[in-house]
Amino acid sequence: MIGRTPLKEPLPALVIGARLRLELWRADAVDAIRALIERSRPTLSQFLAWALDPLDAESEAAAQADAERRWREGLDAGWVIVEDSAPRGMLGLHRRGGPDELEIGYWLDDASTGRGLMTEACTMATDVAFGIEGIEVVEIVHDVANARSAGVPARLGYSRVAAFTVTPVAPLESGVKVRWIVRRRDWLARRESSSVLSTA
């Protein structure tokens, strides 16, 4: 992929925290994730164009296979957020920016919001990112109208640094994207310990 520098090795397939696990999206989890998306599609589709239409099993399986290929190539990790053995949503750590950057993207099932799960999952992902040699910046990008998504980087202490325009493709998108970042030195300076207990 042009403009995307692969990491030297794939991101962890499994990240274990105190309450949550981030598990690489595998073929045997496609149906469970599709069920979450369908249940939460009215909410997800407000800002995510891929959720506008019902997902069939074939297209979701193809998306999973592509995500696993990108993971093997060192470009992404598409993790299922797991709590008490149940999937709650997904979090991606993506190689989209410069050679010293990773970007976090995320969505949560409607039934799992309001309990701090995404803030905890993004904390884990940020700790993983800064455990990689050469990664100096982690970013989160969202539509300016998506207040729920904005709450996550704000709670984590990311800094809002830029805004740029795009063509809206989902019903509630404003077309203005905001970019939040945290730098390695700032993140590590306020962390007594990592939220990640182990990886595999």
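In the predicted model, strand 2 (residues 20-24) pairs with strand 3 in the antiparallel sense over five bridges. Within this pairing, Arg21 has Val82 of strand 3 as its bridge partner. Strand 3 is also joined to strand 4 by eight bridges, again with antiparallel direction, and Gly78 stands opposite Gly92 in strand 4. A hairpin with two residues between the strands is formed by strand 3 and strand 4, and Asp84 in the turn has a positive phi of about 50°.

Strand 3 is mostly covered, with eight of its eight residues buried. This holds for both faces: Asp76, Gly78, Val80 and Val82 are buried on one side, and Ala77, Trp79, Ile81 and Glu83 on the other. Helix 1 (residues 30-44) lies across strand 3 (76-83), strand 4 (86-94) and strand 5 (101-108), and runs at about 80° to strand 4.

These strands belong to an open sheet of nine strands with mixed pairing and the order 7-8-6-5-4-3-2-1-9. Strand 7 (159-165) and strand 9 (198-199) each have a single partner strand and stand at the edges, so one side of each lacks a neighbour in the sheet. Strand 7 is joined to strand 8 by six bridges in an antiparallel arrangement, in which Phe164 has Lys177 of strand 8 as its bridge partner.

Strand 8 (residues 176-183) also contains Val178, which counts as buried because its relative accessibility is 0%. Leaving aside residues up to four places away in sequence, Val178 touches Ile140, Val141, His142, Val144, Arg160, Ala162 and Ala163. Val178 and His142 are 36 residues apart along the chain, yet their C-alpha atoms are separated by 5.7 Å.

Conventions. Residues are numbered from 1 along each chain as its sequence is written. This is a predicted model: local features need pLDDT of at least 70, side-chain atom pairs count only at pLDDT 80 or more; totals for chains, interfaces and linings use all residues. Side-chain values use heavy atoms; hydrogens and water are left out. Helices (H or I, at least four residues) and strands (E, at least two) are DSSP runs, numbered from the N terminus. Buried means under 20% relative accessible area, exposed over 50%, partly exposed in between (1.4 Å probe, protein chains only). Contact means heavy atoms within 4.5 Å. Two strands pair if DSSP finds at least two bridges between them. Axes are lines fitted to C-alpha atoms, for helices over the stretch in contact, and angles run from 0 to 180 degrees between N-to-C directions.
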